[in-house]
Amino acid sequence: YLKAGVIFKQKSNEHVVGVYMGKRDFVDRVDSVDPVDGVILVDPEALQGRKVFVTLSCTFRYGRDDMDVMGIAFRRELYLSTRQVYPPLQDREKGIHTKIQARLLRKLGHNAYPFFFEFPDNLPCSVALQPAPHDVGKQCAVEFEIKAFSAESQDAKVRKRSTVKLMLRKVQYAPEGEGTAPSVETTRDFVMSDKPLHVKASLDKEIYYHGETIKVHVNVTNNSSKNIKNIILSVDQVATVVLYSNDSYVKCVDIEDSGDSVSPGATLQKVYKLLPVLANNRERRGIALDGKLKHEDTNLASTSIIREGVLKEVMGIMVSYRVMVKLIVGGDTGSGLCCSEVGLEVPFKLMHPKPDAGKKTEAEEEMVFQEFKRSYLKGMVGDDEDEEGNVSGGDDMAPKEK
């Protein structure tokens, strides 16, 4: 969310169409999603009879645009909705849904018109797979975009200089309630050993916030005749591209090679610490990241939470996390048997905390206008189409302060 009073604006190169919005993050609460609203400012004389439309789209990319083969694009449009803004199809006052729209209309004058979209409940959140340092172009990602353009009709050819494209972000925050702290245990019997090995791993809670240390409680009761030579803990990120292939990418985003051992007949109770953060994984291709805007930093992708009944196949990229606890078990002395492993998988959620209720989500103070530019992932460059539609001049279209 933005500081109170910040308004994002962007205009076409021709300064015929301008878009003004009070926020760029739209929260998915599982059972509902924040609507997308804003104001379009037009120059009727410069339009020369053309109409102005605005679209909200959700696109899943799984390859660069220049990789298109035999006319097959490596992208799929998951959602597209278009509204005619000018000439208005209804009374301007009836199109006002939020306080920020009302304030913008008062400030920008009679050539400003409101727009409003509601998200369907089956769209994924903004997420992208991190490209390698040498990769250039758009990579696998779920992207949301507002596009305003002027044309003779909705289906007519659109000139780039008459187009504005703004990247938005659909995000999820940690749900209310603590949930059940995950705990997993297993018992393993061995040949030539009368008694078993028992291992238990548990976490303090189900949901962790980005940048928060994860404490893993490990209890080992080794009643077997085997020697536990090492205990290795890690955090795995599992990103499943469910839309077209159902491929899963498992990436270790933090690891602790403890070197701890447990002799036959001994026990171990210890708390290990793990910290999965993007800072330690920036050069690794295929790590799933939360969508980002402008040149801001981002973070590891948040856990995907979907409403019951929604098909996972339309969610683009599903992300989950798990703590892996692996015990390296030594072979019997003189038997020639090699080491074996005993592993536990403890699932958890990694998310952002819900913003403080006291923070403003709409500009209720003096409005400060800020240029709204397209996002870039690390190592990515924009294409010509996006660049031209996003270059913005000053505030020529807006009425001057008196």
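User: Taking helices (H or I, at least four residues) and strands (E, at least two) as DSSP runs numbered from the N terminus, where is glutamine 48?
Analyst: In this predicted model, glutamine 48 sits in the loop that runs between helix H1 (44–47) and strand E5 (51–61).

User: Is glutamine 48 buried or exposed?
Analyst: Glutamine 48 counts as exposed because its relative accessible area is 70%, and the cut-off for that class is over 50%.

User: What is its phi, for glutamine 48?
Analyst: Phi is positive there, at about 50°, although glutamine 48 is not a glycine. Most residues other than glycine have a negative phi, and most peptide bonds are trans.

User: Speaking of peptide bonds, which form does the one from tyrosine 86 to proline 87 take, cis or trans?
Analyst: The bond from tyrosine 86 to proline 87 is cis, with omega near -5°, and proline 87 belongs to the loop between strand E6 (75–86) and helix H2 (99–108).

User: Changing topic, how many residues are in the largest nonpolar core?
Analyst: The largest nonpolar core has 72 residues, and those with the most contacts inside it are Val36, Phe115, Ile146, Ile231, Val323 and Val325. Strand E19 (residues 317–329) supplies the largest share of this core, with seven residues. There is also a second, separate core of nine residues, which includes Ile7, Tyr20, Leu105 and Ala112.

User: What is phenylalanine 115 in contact with, leaving aside neighbours within four places in sequence?
Analyst: With those neighbours left aside, phenylalanine 115 contacts a set of residues that includes Val19, Met21, Val36, Val54, Val85 and Ile146, and also Asp37, Gly38 and Gln101.

User: And strand E7, how many of its residues are buried?
Analyst: Strand E7 (residues 112–117) has six of its six residues buried. Both faces are covered, with Ala112, Pro114 and Phe116 buried on one side and Tyr113, Phe115 and Phe117 buried on the other.

User: In which sense do E4 and E7 pair?
Analyst: Strand E4 (residues 36–42) pairs with E7 in the antiparallel sense, over six bridges, and within E7 the residue opposite glycine 38 is phenylalanine 115. Glycine 38 is also among the contacts of phenylalanine 115.

User: What is the strand order of the open sheet of four strands?
Analyst: The order is E11-E12-E14-E17, with antiparallel pairing.

User: How many bridges join E11 to E12?
Analyst: Six bridges join E11 to strand E12 (residues 197–203), and the two run antiparallel; one of the bridge pairs puts valine 184 with alanine 201 in E12.

User: What about alanine 128, buried or exposed?
Analyst: Alanine 128, which lies in strand E8 (residues 127–129), counts as buried because its relative accessibility is 4%, where the cut-off is under 20%. Its C-alpha atom is separated by 5.3 Å from that of leucine 289, although alanine 128 and leucine 289 are 161 residues apart along the chain.

User: Last one, how many cavities of 30 Å³ or more does a search of the whole structure find?
Analyst: The search finds two cavities of 30 Å³ or more, and the second largest cavity holds about 90 Å³ of space. That second largest cavity is lined by 15 residues, of which Asp28, Val30, Asp121, Leu123 and Arg307 are the closest to its centre.

Methods:
Residues numbered from 1 in each chain as written. Predicted model: local features only at pLDDT ≥ 70, side-chain atom pairs only at ≥ 80, totals over all residues. Heavy atoms only, no water. Core = buried A, V, L, I, M, F, W, Y, C linked by side-chain atoms within 4.5 Å. Buried < 20%, exposed > 50% of the residue type's maximum accessible area, 1.4 Å probe, protein only. Contact = heavy atoms within 4.5 Å. Pairing = 2+ DSSP bridges. 1 Å grid on protein atoms, 1.4 Å probe; cavity = no way out; pocket = protein on both sides within 12 Å on 5 of 7 lines; lining within 4 Å. Points joined across faces, edges and corners; volume = space filled by probe spheres on them.
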